[in-house]
Amino acid sequence: MTKKNNKNNNLFAFIRPSSYPIPPIRRKMEVAKDLGFDVKFIGARRKRNLLKNEVWQGFNIERLGIYYPGSSWYYLIGTPIFGIITAIWLIKNKPAIIHASDLEGIFGVKLYYILGGRSYIIYNIYDNYSLRYKVPKWMKNILNKIESGFGKCSDVVIVPDQTRLKLLLPWVPNQSVIIPNSTKDPGYKPLKINSKIKIFASGWLVEQRGYKILGELIKKNDKVELLICGEGTKNIKDYINTLPRTTFYGYLPQEEALKIGSNCDLIFAYYD
């Protein structure tokens, strides 16, 4: 990490166009902070009435770009703008290390690199576009090519499993690390089933994660309760809010989500 010269040799910037860092990013931020780095999360304005600068759970957050919610048209406009402004921020601040999450995060970092910026770049792929969205096979191939093309500016790539790494082929990163998106065991113990079965679901709220399957289940069985938390597309959040016997928490810190899940009977996870 010493091969590149920077004006700010202690700044570690975590980049993702969300209002707050998701739990896997926050865990990495905690590690960087423990190592003595000046940690900063560079996020986007995804919710109204948020401050540009905020201290959240001990971390500095700076939000760039325009406000844009999760709907597709706003997203297509807001994400490139966020990337351009991120590149400008990086040129100005020159962090020693950059951690960019997924294609939305690496876009601005790639521009910074093309314009001559030289920091140690970590490209962390949590969710490949070709897996996140239900698109034709030819479109999946294009998305994989785009992700690998943008990733070529990175010094190391982090993926949650070997499958995600294979999607980048024929490009092979100089260095790659597999870090599962799992969390520490919170000490979960099976509960006795009461009169109603509580099902917990969390994560990215999109069509492919099976929330409409849960919706059909709860509509047909009045002995089921749903507890859901996470962020995602507006149409899925609106759908969840119409379901009976369903509690939707929105975004929650990891500790709170784990506490809720540990008091449920079933944990739901589905990938289409």
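Reader: Is E231 buried, partly exposed or exposed in this model?

Author: Glad you started there! In this predicted model, E231 counts as partly exposed because its relative accessibility is 26%, and buried means under 20% while exposed means over 50%.

Reader: With which residue does E231 form a salt bridge?

Author: Here is the general idea: side chains of opposite charge can pair when their charged atoms come close. In this case the partner is K47, with the closest N and O atoms 3.6 Å apart. This pair links distant parts of the chain: K47 sits in the loop between β2 and β3, E231 sits in strand β10, and 184 residues separate them. K47 is partly exposed, with a relative accessible area of 32%.

Reader: How many salt bridges does a search of the whole structure find?

Author: The search finds eight. One of them joins K52 and E62, whose closest N and O atoms are 3.8 Å apart. Those two are 10 residues apart, with K52 in the loop between β2 and β3 and E62 in strand β4. K52 counts as partly exposed at 37% relative accessibility, whereas E62 counts as buried at 10%.

Reader: Now for open space. What is the volume of the second largest pocket, and which residues lie nearest its centre?

Author: The general idea is a friendly one: rolling a probe the size of a water molecule over the atoms shows where empty space is left. Here the second largest pocket has a volume of about 390 Å³. Its lining has 21 residues, and K28, V31, I122, I158 and I179 lie nearest the centre.

Reader: Which element gives the most to that lining, and how do its residues divide by type?

Author: Helix α1 gives the most, with five residues. By type, the lining of the second largest pocket divides into 16 nonpolar, three polar and two charged residues.

Notes
Residues numbered from 1 in each chain as written. Predicted model: local features only at pLDDT ≥ 70, side-chain atom pairs only at ≥ 80, totals over all residues. Heavy atoms only, no water. 1 Å grid on protein atoms, 1.4 Å probe; cavity = no way out; pocket = protein on both sides within 12 Å on 5 of 7 lines; lining within 4 Å. Points joined across faces, edges and corners; volume = space filled by probe spheres on them. Helix = DSSP H or I, 4+ residues; strand = E, 2+ residues; numbered from the N terminus. Nonpolar A, V, L, I, M, F, W, Y, C, P; charged D, E, K, R; others polar. Salt bridge = Lys/Arg side-chain N within 4 Å of Asp/Glu carboxyl O. Buried < 20%, exposed > 50% of the residue type's maximum accessible area, 1.4 Å probe, protein only.
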